[in-house]
Amino acid sequence: MSYPGYPPAGGSYPPASGPYQQAPGGYPPQPGAYPPQAGYPPQAGGYPPQAGGYAPQAGGYPPQAGGYPAAPGGGFPPQAGGYPAAQPGTYPNMPPAGQCGYVHHVTRLINVLCSVQPGGGMPQGYPGVPAPGQQPMPVYPGAPNPSMPGYGGGVPTGPTPPAAPAVNVRHCQLHQPLGAFKGYRGTIKDFPGADPLRDVEVLRKAMKGFGTDENAIIELLGSRSNKQRVPLKAAYKTTYGKDLVSDLKSELRGNFESLVLAMLKAPAHFDASELREAISGAGTDEACLIEILSSRSNAEIREITKIYKAEYGKSLEDAISGDTSGHFRRLLVSLSQGNRDEKETVDISMAKQDAQKLHAAGENKVGTDESQFNAILCARSKPHLRQVFHEYQQMCGKDIEKSICGEMSGNVESGMVAVVKCIKNTPAYFAERLHKAMQGAGTKDRTLIRIMVSRSEVDMLDIRQEYLRLYGKSLYTAISGDTSGDYKKLLLKLCGGSD
């Protein structure tokens with residue numbers, strides 16, 4: 001008999017009385033031990049006797065109650081030469097059915113014991129496992145071998161890439177921003193294999209001839225991300241020599257038209273156009289100004305101000321200053337600078353100091369020092385401010401929002417409260433904005449369109465959860481009940497499903 005990975009040994013087992021007879025060509029007699037094998041140093045005296053084991057039995061193991069019946073004729077017949085030798089590069093041949101004897105059991109036991117390596121590695125002697133002092137061979141991925149789980153097979157395709165470094169979860173929990181491990185929270189994703197030239201062909205076909213295929217437009221735009229939608233304007237003009245926006249305007253009407261055109265704008269361009277409308281439209285939409293400026297990052301605000309100046313020939317700050325006044329104007333100008341601290345670390349002692357300053361500027365003062373609120377709410381990082389709000393609650397026994405409502409009034413009150421709500425819980429803030437847009441007689445469609453488009457690739461899944469928590473019904477249901485037609489269909493695409 002031969003063992004996998006070891007050279008055939010001459011000799012045989014010693015003659016034994018009982019069911020096992022000496023096989024020709026087996027191992028020479030060894031006193032009380034297994035014969036020395038290549039790769040293992042000879043052990044004096046073999047394995048030591050184990051307490052509680054079987055007593056030495058002449059002729060093999062004693063009969064066991066409930067075991068397999070003994071073979072007729074007093075045991076297994078002698079096998080010439082033992083089991084056939086394993087072929088190189090294969091696993092050892094298994095004995096035929098009914099011939100699983102003592103040697104086979106010992107072989108399996110040795111293989112199991114040898115395979116238990118520190119760290120779960122394979123024993124030396126298997127292909128691909130280096131001997132001491134040798135360089136390890138590269139591991140190649142391949143199709144799994146069904147008979148040996150954990151071992152690959154197939155044609156080598158290249159070295160395995162290096163393993164990713166271990167992540168210190170405790171460190172991440174302390175230093176990562178809130179929601180850093182939640183993954184992508186938008187509802188609109190990149191469409192695999194999207195081709196702008198094929199997409200504009202679909203749009204052209206939907207608008208060509210008598211009538212418009214609105215469903216084709218909804219299906220296409222509702223399944224493309226913003227970075228896949230925006231290039232459609234250039235691709236359409238390149239292919240057909242016409243302006244896509246102009247063609248859509250001539251074919252579509254109402255809120256559906258407004259929603260489609262909003263989806264074809266890049267985020268910063270869309271925000272700039274919404275700010276322009278909020279300032280220069282009939283009356284100032286203060287809530288829109290606060291919504292955009294309090295929820296965007298520094299980089300996004302700087303991009304918006306750059307585009308605003310290029311598109312409208314006037315700086316955003318000048319536009320705000322010319323259309324607002326007082327402390328509310330100062331709040332908007334401060335937010336429009338895009339200079340908020342964006343560090344994720346929080347200094348508890350500084351948060352307590354800021355909480356004390358807010359208390360001293362409001363609840364603990366005759367009159368209110370709005371400048372102190374402005375300085376802290378517009379300059380400090382969002383994680384820091386969340387800690388400040390917590391410390392304020394602990395110190396005063398009162399929520400910061402209630403203090404602002406009691407100390408301020410008008411646009412500055414609503415503006416400060418909106419900033420606090422957005423910093424505390426951005427998805428809940430947008431859920432409330434959506435609810436108010438659809439509440440009561442008439443729908444504030446501009447607000448509904450802006451939030452659904454701008455948050456569909458940011459945190460729409462979180463907004464849906466907050467909407468359900470706050471109002472007891474899904475956002476999907478609310479939109480379905482408050483809108484209709486193609487406009488509703490496309491809004492529901494952005495919503496992404498019911499909860």
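Helices (H or I, at least four residues) and strands (E, at least two) are DSSP runs, numbered from the N terminus. Helix H7, residues 244–251, is one such run, and Asp-247 is found in it. This is a predicted model, in which local features need pLDDT of at least 70, side-chain atom pairs count only at pLDDT 80 or more, and totals for chains, interfaces and linings use all residues. Residues are numbered from 1 along each chain as its sequence is written, and side-chain values use heavy atoms, with hydrogens and water left out.

- Asp-247 is buried, at 11% relative accessible area. Buried means under 20%, exposed means over 50%, and partly exposed is in between (1.4 Å probe, protein chains only).
- Leaving aside neighbours within four places in sequence, Asp-247 is in contact with Arg-204, Met-207, Tyr-236 and Lys-242. Contact means heavy atoms within 4.5 Å.

**Helix pairs**

- Two packed helices are described by the angle between their axes and the distance between the axes. Axes are lines fitted to C-alpha atoms, for helices over the stretch in contact, and angles run from 0 to 180 degrees between N-to-C directions.
- Helix H17 (residues 400–407) packs with helix H18 (residues 410–424) at about 175 degrees, and their axes are 9 Å apart. H17 is therefore roughly antiparallel to H18. Angles under 35 degrees count as roughly parallel, over 145 as roughly antiparallel, 65 to 115 as roughly perpendicular and the rest as oblique.
- On the H17 side, the contact uses Ile-400, Glu-401, Ile-404 and Cys-405. On the H18 side, Glu-413, Met-416, Val-417, Val-420, Lys-421 and Lys-424 take part.
- The H17 and H18 contact has six nonpolar residues, no polar ones and four charged ones. Here Ala, Val, Leu, Ile, Met, Phe, Trp, Tyr, Cys and Pro count as nonpolar, Asp, Glu, Lys and Arg as charged, and the others, Gly among them, as polar.
- Helix H8 (residues 254–263) and helix H20 (residues 445–455) have axes that come within 10 Å and cross at roughly 30 degrees. So H8 is roughly parallel to H20.
- Asn-255, Ser-258, Leu-259, Ala-262 and Met-263 in H8 meet Asp-445, Ile-449 and Val-453 in H20. Five of these residues are nonpolar, two are polar and one is charged.

**Salt bridges**

- Side chains of opposite charge can pair when their charged atoms come close. A salt bridge is a side-chain nitrogen of Lys or Arg within 4 Å of a carboxyl oxygen of Asp or Glu.
- The whole structure holds 22 salt bridges.
- Glu-274 forms one with Arg-446, and their closest N and O atoms are 3.0 Å apart. Glu-274 lies in helix H9 (residues 267–280) and Arg-446 in helix H20, so the pair ties together parts 172 residues apart in sequence.
- Glu-274 is buried at 5% relative accessible area, whereas Arg-446 is partly exposed at 43%.
- Arg-433 forms a salt bridge with Glu-291, with the closest N and O atoms 2.9 Å apart. This pair links distant parts of the chain, 142 residues apart: Arg-433 is in helix H19 (residues 426–438) and Glu-291 in helix H10 (residues 286–295). Both Arg-433 and Glu-291 are buried.
- Glu-274, Glu-291, Arg-433, Arg-446 and Arg-450 are linked in a network of salt bridges.
- Asp-486 forms a salt bridge with Lys-489, with the closest N and O atoms 3.9 Å apart. Asp-486 and Lys-489 are separated by about one helical turn, because they are three residues apart in helix H23 (residues 485–495).
- Asp-486 is partly exposed at 22% relative accessible area, and Lys-489 is partly exposed at 40%.
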